[in-house]
Amino acid sequence: MTATVLGWLRYNLFSKPFDAALSLVVIPLLTWAVYGLAHWILAEAHWEIIGGSLKVLMTGLYPVDQLWRAWFAVATLCAMFGAGLGLSLRPGRAALTVVASAGTLMSAVAASVTDMTSGMLVAASAGLGVAAWIGVHHSALGQRIVLPGLLVGVAAIFVVLSPPGFEAWGGLLLSVILTITVSILTIPFGILLALGRQSRITSLRVISTVYIEVIRSVPLILVVYWVWIIVPLLAPDTSVPSLLRGMAGFALFFAAYVAEYVRSGLQAVPKGQIEAARSLAMSSWAVNVDIVLPQALRVVVPSLVGQILDIFNGATLVFIIGLTDFLRVGQMILADPQNSGRTYEIYVFLFAVYFAIGGAITYASRRLEAHLARGSR
Amino acid sequence: MTTQIARWHHIPPTRRRFRVASRWLLQAAIVAVAAGLVAWLGFAVREALARKGIQFSFDYLGKVANFSLSEGLVPSHDGNWPVLEPFSPSHNNLQALLAGLWNTLKVAVSAIALCTVFGTLVGVGRLSTNWLVRNLCFGLVEGVRNTPLLIQIVFWYFAVVLHFPPANAASNWLGGLLVSRAGVFLPGLAISESAGLATWALLAVALASAAASLLLRGTRLRLSLLAIAACALIATAAIGFPLDFDLPIATRFGARGGFAVSPEMTALLLAIVVNSSAYVAEIVRGAIESLPKGQWEASASLGLSRAHTLRDIVLPQVFRIVLPSLANRYISLTKDTSLGIAIGFPDLFNVYGTVSNQTGRNLEGVVIVMLTYLALSWIISACMNAINARVNGPGGSR
């Protein structure tokens, strides 16, 4: 045993003089940092603040007596996530164990920091997600209805959550719903732009190219702010909620990026296939819809999943139009003078949640990439 | 393609003309729809503004700004000489936007330089033979890339920079660097007033010959130029050097002297440099891994050390591969500086927001800001394309 450990150390940390020197510098620094962090997390940090403001962090200022609507959204999101997982990941023992333990951990945390009901609801939502995962994976019918099911799910969330008013939406729930809605909206728009950029019709090509290049050169925050300003000018008689204006801005911005991903996918389809389809007298529409797009989209799925992370990270920018997303809620809690000493607790929690979600999206994107690479070999 | 041309010739002329006409009609229809959409947008916005009594015009740019910015220089003139002076409320709105652009450029240029260096180090670190270094770099890259940039910026500002010691107790690092919550103070260069024309001329000669020796090839010429530079420098020092190191000093009333960097800029720069370094590291790592393994093996068999191989064989080639990806990263980085508004850094977007709040002229401002960001993106890609053409083009060594 000792020999193995020593061998490992020697091979990985002290194999050359330079590596040994590096190790001698890094190990003490790292030990000091890890010890300090662990001591702070376990002994000094006041984690009650997270438990006390968990409701605000998750749903913002959503009315407390209407919280069942938010729980409905959580359950629907879990089912949608599970269904999406069913398309790409086999519910093997290892994967199920990871998901089940994550669900148990989260429900335990929810039960201990708030109340028993929340814990039960988290557990039920996680169970629904796992059921959707297994159900979709094992039934052909399930796989066919996943995509329409996702749209129905988003629509249902909007219908159920909207009665208290869009202004009441906030917290992590707002960030997640915004991300999902925008991801869905950008795909058709992005495909159209990509096809336009490849079109044989010059005017269409020029317009699409200019749109894509201009949007890609300006910051997201500018586009979101601009759309937010301009919508009331275009529709002076109706008041469009900030949330919907924000979503429109995000969709207009990210569509240009989706278009570029799709274009790379379109270019990956061999030219011979298009020529072959044309020689079979298929119309341009049929060539695009039946031959080119299915293959092109298959190639770009990992990039599109990766883009969901960009949208989720970009969702923090909605502070500019006065929405209270996850990060903004955290800052609002810290703005309360009572909590001024809890800066690090709040930020560590925000970082941890963002990293958990972001890491999961990155992992999914990489898995899909590997999966597709294996399939095409 | 040939089948299409053959088919085209088999179509009777009348139908061929019809097809050409219909294609033109389609083009015209698309252009008309697009133009109509833009015109409707413009018209609706004008109507809406007219109802509020606002005309679309750029006159407001010449009006006095009447607000102040925490930092930012504007071009002005001192007699006949163009100079940069700090922005003040008596300047006009255009100068306010220029001050914002100055701040954007200040952060973007420093961040581009710093993130290239740190990113390359971290990218190389990700391939280190030392397990600890490799995984630390991996953790840094993943942690940065999987969390939003905005939370990193507000974290650096509210949780790090604002928790530095107060200005009157600023901590002194490495002798010349003062760190406090009122900002970071770097040693600067100060011009001593006693310096005459002769010392400046000598210094100019020294700098010019040193620069020429770097640019010109040929060993003998280089040596003589360097000798001239050294002599001129010694002569300057002998009759009184015109530049002095200006070390910042912490006093009871805050830090004084040196080159001051505001706390907002410090936080924004830290956040953007750390964030972009992670992306640059991934670009560099991908490029190193894309090089054939045989190159490492060949240089190892020639007896070159790993560090030597990296420096002289791998990195020069990597530099060529990464240029297009780096250009994209630099453009994203420049756009990212607009997030400075979250911590009150007066960049272009932030100043635009202030100006529009003061004057109610959002749309004119949007046009200006959009065109400026477009121009910045184009300038960066033009520069990178020029470098790319130089190192990868027909005259390059590849």
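Student: Let me start with the overall make-up. How many helices and strands are there in chain A?

Tutor: Chain A has 17 helices and zero strands. Keep in mind from the outset that this is a predicted model. Chain B has 12 helices and 10 strands.

Student: How do I read the confidence of the prediction? What is the mean pLDDT of chain A?

Tutor: The general idea is that pLDDT gives the predictor's confidence in each residue, from 0 to 100. Chain A has a mean pLDDT of 87, with 99% of its residues at 70 or more. In chain B the mean pLDDT is 83, and 88% of the residues reach 70 or more.

Student: What are the dimensions of chain A, and what share of its residues is buried?

Tutor: Along its principal axes, the C-alpha trace of chain A spans about 70 × 65 × 45 Å. Of the 377 residues in chain A, 35% are buried. For chain B, buried residues make up 31% of 398.

Student: Can we look at single residues? Is B:Leu269 buried or exposed?

Tutor: Counting neighbours settles that. A residue is buried if 20 or more other C-beta atoms lie within 10 Å of its own. B:Leu269 has 23 C-beta neighbours inside 10 Å, so B:Leu269 counts as buried. You will find B:Leu269 in helix H8 (residues 263-290) of chain B.

Student: Which residues does B:Leu269 touch?

Tutor: Leaving out residues up to four places away in sequence, B:Leu269 touches B:Val107, B:Ser110 and B:Ala111. Sequence and space can be set side by side here too: B:Leu269 and B:Ala108 are 161 residues apart in sequence, yet 8.4 Å apart in space, C-alpha to C-alpha.

Student: And what about A:Arg278? Where is A:Arg278 placed?

Tutor: A:Arg278 sits in helix H14 (residues 271-279) of chain A. A:Arg278 counts as partly exposed because it has 17 C-beta neighbours inside 10 Å. From A:Arg278 to A:Met80 the separation is 198 residues in sequence and 38 Å in space, C-alpha to C-alpha.

Student: What is the phi of A:Ala281?

Tutor: Phi of A:Ala281 is near 65°, a positive value in a residue other than glycine. A:Ala281 lies in the loop between H14 and H15 of chain A. With 7 C-beta neighbours inside 10 Å, A:Ala281 therefore counts as exposed.

Student: Now for helix packing. How do the axes of H11 and H12 of chain B cross?

Tutor: Look at the distance and the angle together. Helix H11 (residues 348-359) of chain B and helix H12 (residues 362-392) of chain B have axes that come within 9 Å and cross at roughly 165°. Angles over 145 degrees count as roughly antiparallel. H11(B) and H12(B) are therefore roughly antiparallel to each other. The crossing of H11(B) past H12(B) is right-handed.

Student: Which residues meet there?

Tutor: From H11(B) come B:Leu348, B:Phe349, B:Tyr352, B:Val355 and B:Ser356, and they meet B:Asn362, B:Gly365, B:Val369 and B:Thr372 of H12(B). By class, this contact of H11(B) with H12(B) has five nonpolar, four polar and no charged residues.

Student: How do I read the pair H13 and H15 in chain A?

Tutor: The axes of helix H13 (residues 242-268) of chain A and helix H15 (residues 284-314) of chain A come within 8 Å and cross at roughly 145°. H13(A) passes H15(A) in a right-handed crossing. Residues in this contact include A:Phe250, A:Phe254 and A:Tyr257 from H13(A), and A:Val292, A:Ala296 and A:Leu297 from H15(A). The contact of H13(A) with H15(A) divides into 15 nonpolar, five polar and no charged residues.

Student: Last one: how many residues does each chain give to the contact between chains A and B?

Tutor: Chain A gives 44 residues and chain B gives 39. On the chain A side, the elements giving two or more residues are helices H2 (17-44), H11 (202-217), H12 (220-234), H16 (326-335) and H17 (343-376) of chain A. H17(A) supplies the largest share of that side, 10 residues. By class, the side of chain A that touches chain B has 28 nonpolar, 14 polar and two charged residues.

Key. Residues are numbered from 1 along each chain as its sequence is written. Chains are lettered from A and ligands numbered from 1 in the order in which they are written. This is a predicted model: local features need pLDDT of at least 70, side-chain atom pairs count only at pLDDT 80 or more; totals for chains, interfaces and linings use all residues. Axes are lines fitted to C-alpha atoms, for helices over the stretch in contact, and angles run from 0 to 180 degrees between N-to-C directions. Helices (H or I, at least four residues) and strands (E, at least two) are DSSP runs, numbered from the N terminus. Angles under 35 degrees count as roughly parallel, over 145 as roughly antiparallel, 65 to 115 as roughly perpendicular and the rest as oblique. A crossing is left-handed if the near helix is turned anticlockwise from the far one by less than a right angle, and right-handed if clockwise. Two residues are in contact if their C-beta atoms, placed from the backbone, lie within 7 Å. Ala, Val, Leu, Ile, Met, Phe, Trp, Tyr, Cys and Pro count as nonpolar, Asp, Glu, Lys and Arg as charged, and the others, Gly among them, as polar. A residue is buried if 20 or more other C-beta atoms lie within 10 Å of its own, exposed if 12 or fewer, and partly exposed in between; C-beta atoms are placed from the backbone.
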